[in-house]
Amino acid sequence: MIGRLSALRTEGGAGAVYGLVVVTVLATAFAIAVQVAALARLQHQVTAAADLTALAASGSADGGGDGCAQAERIAAANEVRLRSCALDAAVATVVVERSARTWGVTLTLKRTARAAPRDYVPAAGGGR
């Protein structure tokens, strides 16, 4: 009987240790999942900002305005930097970027988008 009681006493803290390990693993997995989700969200935001910027530049140029100036305003409103803006008639090609710092590393996401008016027809030999 005494041998059984001493064996129970020596293994009494094992459950707490296992519980602590499980909690630590789950907390680490949760932290990583949150960071991955934040980066995926940021990628979607930068892609959407690039699309909106290209559409605004094309629409402005098609209406006779300064497409790249409009692109700059839309990029700023979407919290991205306009790196380049090229207009060929009313066809706009823009490059935007946004930087984010996560886990001590600065990541820069860069996206390119192109937009043209609805009635745009490419020149012969040019593909879409």
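Close-up 1. A salt bridge here is a side-chain nitrogen of Lys or Arg within 4 Å of a carboxyl oxygen of Asp or Glu, and areas are Shrake-Rupley values with a 1.4 Å probe, where for residues only the protein chains shown count as cover. V21 sits in helix α2 (residues 14-62); helices are DSSP runs of H or I with at least four residues, strands are runs of E with at least two, and both are numbered from the N terminus. With a relative accessible area of 45%, V21 is partly exposed (buried is under 20%, exposed over 50%, partly exposed in between, with a 1.4 Å probe and protein chains only). An α-helix has 3.6 residues a turn, so residues three or four places apart point the same way.

**Close-up 2. The disulfide between C68 and C85.** The structure has one disulfide, taken as a pair of cysteine sulfur atoms within 2.5 Å. The partners are C68 and C85, with sulfur atoms 2.2 Å apart. This pair ties together distant parts of the chain, 17 residues apart: C68 is in helix α3 (residues 67-77) and C85 in strand β1 (residues 81-88). Which hand does the disulfide have? The torsion about the S-S bond is about -90 degrees, so the disulfide is left-handed. C68 is partly exposed at 25% relative accessibility, and C85 is partly exposed too, at 23%.

**Close-up 3. Helix α2 from end to end.** Count 49 residues in α2, and a reach of 72 Å from first C-alpha to last, close to the 72 Å expected at 1.5 Å a residue (the expected span being 1.5 Å times one less than the number of residues). Its buried residues include L42, V46, T53 and S60. Among the elements covering the buried residues of α2 are α3, β1, β2 (91-102) and β3 (105-115). Just past the helix, G64 takes a positive phi of about 95 degrees.

Close-up 4. S58 belongs to helix α2 and is buried, at 4% relative accessibility. Residues up to four places away in sequence aside, S58 touches A90, A92, A115, A116 and P117; contact means heavy atoms within 4.5 Å. A61 is also in helix α2, and its relative accessible area of 18% makes it buried. Beyond its neighbours within four places, A61 is in contact with G67, L87, A89 and A90.

**Close-up 5. The whole chain, for orientation.** Three helices and three strands run in the order α-α-α-β-β-β from the N terminus. Of the 128 residues, 22% are buried. The chain exposes about 8900 Å², and carbon and sulfur atoms supply 61% of that.

**Notes.** Residues are numbered from 1 along each chain as its sequence is written, and side-chain values use heavy atoms, leaving out hydrogens and water. As this is a predicted model, local features need pLDDT of at least 70 and side-chain atom pairs count only at pLDDT 80 or more, while totals for chains, interfaces and linings use all residues.
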